[in-house]
Amino acid sequence: MSTPPAPPTDPEQDRAWRERLSPEQYQVTRLSATERPFSGKYWDHHDPGAYRCVCCGAPLFTSDAKYDSGCGWPSFTAPAPDASVAEHVDRSHGMVRTEVRCAHCEAHLGHVFPDGPGPTGLRYCINSASLDFEAQADKPPPSSPPGDSSR
Ligand SMILES: [Zn+2]
């Protein structure tokens with residue numbers, strides 16, 4: 001008797017994801033689907049705030065790194081400073097790409113490409129369906145210090 005192969009995902013956990021997530025969110029995050037370009041909530045969304053994992057709430061990206069790449073998906077130059085983003089080599093579809101996943105819950109987020117602007121040169125091309133936007137709290141931005149006493 002050989003030991004049976006481990007199932008790819010725990011069925012209990014899988015059912016919990018199906019209950020919590022919309023069908024599209026489930027397809028994208030748990031089955032590595034890709035939403036249609038220009039179809040998601042956040043590709044043309046420019047409010048200041050944080051983007052969290054739609055599955056587990058982990059911080060992933062911030063609006064500071066978001067830019068308009070014109071590709072139809074939310075694009076970022078880098079993950080948030082405290083983000084838990086894991087990168088994996090993805091050899092599906094006859095290409096070698098770098099897949100981006102949530103390091104906490106393994107949710108598929110999108111891919112990272114080396115054609116981005118700025119110092120990183122990276123484009124994190126992320127599905128809106130993987131993200132949950134949290135608007136910045138209603139307080140003055142830290143860019144205006146109370147006293148101008150720089151020394
Ligand atoms: Zn997650």
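**View 1. Strands S7 and S8 pair in the antiparallel sense in this predicted model.** Four bridges connect S7 with S8, and among the facing residues Val112 stands opposite Tyr124 in S8. On its other flank, S7 runs antiparallel to S6, to which it is joined by four bridges, with Glu99 having His111 in S7 as its bridge partner. The hairpin of S6 and S7 has five residues between the strands, and within this hairpin Glu106 takes a positive phi near 70 degrees. S7 is mostly covered, five of its six residues being buried.

**View 2. The open sheet of six strands is ordered S3-S4-S8-S7-S6-S5, and its pairing is antiparallel.** The edges are formed by strand S3 (66-67) and by S5, each of which pairs on one side only. Strand S4, which spans residues 75-76, pairs with S8 in the antiparallel sense over two bridges, and the bridge partner of Ser75 in S8 is Cys125. Strands of a sheet pair through backbone hydrogen bonds, either parallel or antiparallel.

**View 3. Val89 belongs to strand S5, which covers residues 85-90.** Is Val89 buried or exposed? Val89 counts as exposed because it has 8 C-beta neighbours inside 10 Å, where the cut-off for exposure is 12 or fewer. Once its neighbours within four places in sequence are left aside, Val89 is in contact with Val96 and Thr98. Val100 is eleven residues from Val89 in sequence, and the C-alpha atoms of Val89 and Val100 lie 8.9 Å apart in space.

**View 4. Three strands make up an open sheet with antiparallel pairing, in the order S2-S1-S9.** S2 and strand S9 (131-135) stand at the edges with a single partner strand each, so that one side of each is left without a neighbour in the sheet. From one strand to the next, the twist averages 30 degrees. The antiparallel pairing of S1 and S2 extends over three bridges, whereas that of S1 and S9 extends over five bridges. Tyr51 can be followed across both pairings, since its bridge partner in S2 is Phe61 and Tyr51 stands opposite Phe133 in S9. S1 and S2 form a hairpin with five residues between them, and in the turn Gly57 has a positive phi of about 80 degrees.

**View 5. The largest nonpolar core of the model contains 26 residues.** Which of its residues touch the most other members? These are Leu60, Phe61, Cys102, Tyr124 and Ile126. At least two residues of this core are supplied by each of strand S1 (49-53), strand S2 (59-62), strand S6 (97-102), strand S7 (108-113) and strand S8 (123-126). For Phe61, when residues up to four places away in sequence are not counted, the residues touched are Tyr51, Lys66, Phe76, Pro79, Ala80, Ala83, Tyr124 and Ile126.

**View 6. Helix H2, residues 23-31, has Gln25, Val28, Thr29 and Arg30 as buried residues.** Seen down the axis of H2, its buried residues fall within an arc of 165 degrees, so they line one face of the helix. On the other side of H2, Pro23 and Leu31 are exposed. Helix H1 (11-20) and S7 are included in what covers the buried residues of H2. Just after H2, Ser32 takes a positive phi of about 60 degrees.

**View 7. The protein chain as a whole has two helices and nine strands.** Along the sequence, these elements follow the pattern α-α-β-β-β-β-β-β-β-β-β. The protein chain has 151 residues, of which 31% count as buried. Among its contacts between residues at least 6 apart in sequence, 52% join residues at least 24 apart.

Notes:
Residues numbered from 1 in each chain as written. Predicted model: local features only at pLDDT ≥ 70, side-chain atom pairs only at ≥ 80, totals over all residues. Buried ≥ 20, exposed ≤ 12 C-beta atoms within 10 Å, placed from the backbone. Contact = placed C-beta atoms within 7 Å. Core = buried A, V, L, I, M, F, W, Y, C linked by C-beta atoms within 7 Å. Pairing = 2+ DSSP bridges. Axes fitted to C-alpha atoms, helices over the stretch in contact; angles between N-to-C directions. Arc of directions from axis to C-beta.
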